[in-house]
Amino acid sequence: MKGFIKGFSRLTEAIAGGMLAAIFLIFLLQILLRYFFTPAGWTLELIGILWVWVIFFSCAFIVRERDHVKFDIVYLSVPRRVRQVFAMLAAAAIVVGMLYSFLPTWDYIDWMKIRKTATVRNPFSGEKIPLRTVFSIYAVFMLVVAARYAWLFFDIMRNGPPKTELEMVVGYNVVDEHPRVDVEDDGDASK
């Protein structure tokens with residue numbers, strides 16, 4: 001199973017890297033066309049489409065939970081058991097929020113099939129691409145994030161809250177296991 005996960009992780013990183021490389025190459029082509037040939041409007045739209053896909057694809061499959069920016073002053077100041085409850089509540093809230101909003105979101109994405117891209121065409125059929133195809137990655141993002149945080153919820157329930165960065169470096173739970181060091185009074189400091 002670990003081999004499959006590692007292989008899938010490498011594949012998703014390669015796909016995201018390929019999309020970023022395509023954005024860069026299309027950007028260079030856009031510059032070349034603008035200054036030396038006839039400008040092409042499709043380059044701007046294709047870069048925008050690829051950017052949307054890179055963001056949501058990467059957030060769904062590549063960015064780990066510990067990579068997110070967190071405001072965790074209160075979280076880090078409470079005992080491990082309370083952190084576990086906080087982490088489970090946060091994971092459950094994300095799952096519920098994503099699943100609750102999925103059907104209305106999909107309804108809107110599906111409605112977008114009547115609108116098409118302005119200039120980008122399907123290279124195989126020559127038709128303009130429906131915007132449902134462009135924004136379908138957001139539906140994938142919602143389902144994958146809901147699944148990842150559902151998995152995280154049960155993992156936290158079984159194994160406790162994720163280790164903080166400090167706990168990973170120091171090797172033990174700072175709040176619960178760290179011996180308290182009392183600071184001496186100013187009068188005692190001269191001794």
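This briefing covers the cores, surface, hairpin and salt bridges of one structure. The model is predicted: local features need pLDDT of at least 70, side-chain atom pairs count only at pLDDT 80 or more, and totals for chains, interfaces and linings use all residues. Residues are numbered from 1 along each chain as its sequence is written, and side-chain values use heavy atoms, with hydrogens and water left out. Helices (H or I, at least four residues) and strands (E, at least two) are DSSP runs, numbered from the N terminus.

**Nonpolar cores**

- A nonpolar core is a set of buried Ala, Val, Leu, Ile, Met, Phe, Trp, Tyr and Cys residues joined through side-chain atoms within 4.5 Å; buried means under 20% relative accessible area, exposed over 50%, and partly exposed in between (1.4 Å probe, protein chains only).
- The largest nonpolar core has 18 residues, and Met-98, Phe-141, Met-142, Val-145, Tyr-149 and Ile-156 touch the most other members.
- Helix H4 (80-111) and helix H5 (131-159) are the elements that give two or more residues to this core, and H5 supplies the largest share, 9 residues.
- Met-98 is in contact (heavy atoms within 4.5 Å) with Phe-141, Met-142, Val-145 and Ala-146, leaving aside neighbours within four places in sequence.
- Another core, of 9 residues, lies apart from it and includes Ala-16, Leu-50, Phe-57 and Ile-137.

- Thr-43, in helix H2 (residues 42-61), counts as buried because its relative accessibility is 0%.
- Not counting residues up to four places away in sequence, Thr-43 touches Ile-26 and Gln-30.
- Leu-28 lies in helix H1 (residues 2-36) and is partly exposed, at 39% relative accessibility.

**Strand hairpin**

- Strand E1 (residues 116-121) and strand E2 (residues 128-130) pair in the antiparallel sense over 2 bridges; pairing requires that DSSP finds at least two bridges between two strands.
- Arg-121 stands opposite Lys-128 in E2.
- The hairpin formed by E1 and E2 has 6 residues between the strands, and Gly-126 in the turn has a positive phi of about 80°.

**Salt bridges**

- The structure holds 3 salt bridges, each a side-chain nitrogen of Lys or Arg within 4 Å of a carboxyl oxygen of Asp or Glu.
- Arg-10 and Glu-13 meet in one of them (3.2 Å, N to O); they are about one helical turn apart because 3 residues separate them in helix H1.
- Asp-110 forms a salt bridge with Lys-113, the closest N and O atoms being 3.7 Å apart.
- Asp-110 also meets Arg-132 (2.8 Å, N to O); Asp-110 lies in helix H4 and Arg-132 in helix H5, so the pair ties together parts 22 residues apart in sequence.
- Through shared partners, Asp-110, Lys-113 and Arg-132 are joined into one network of salt bridges.
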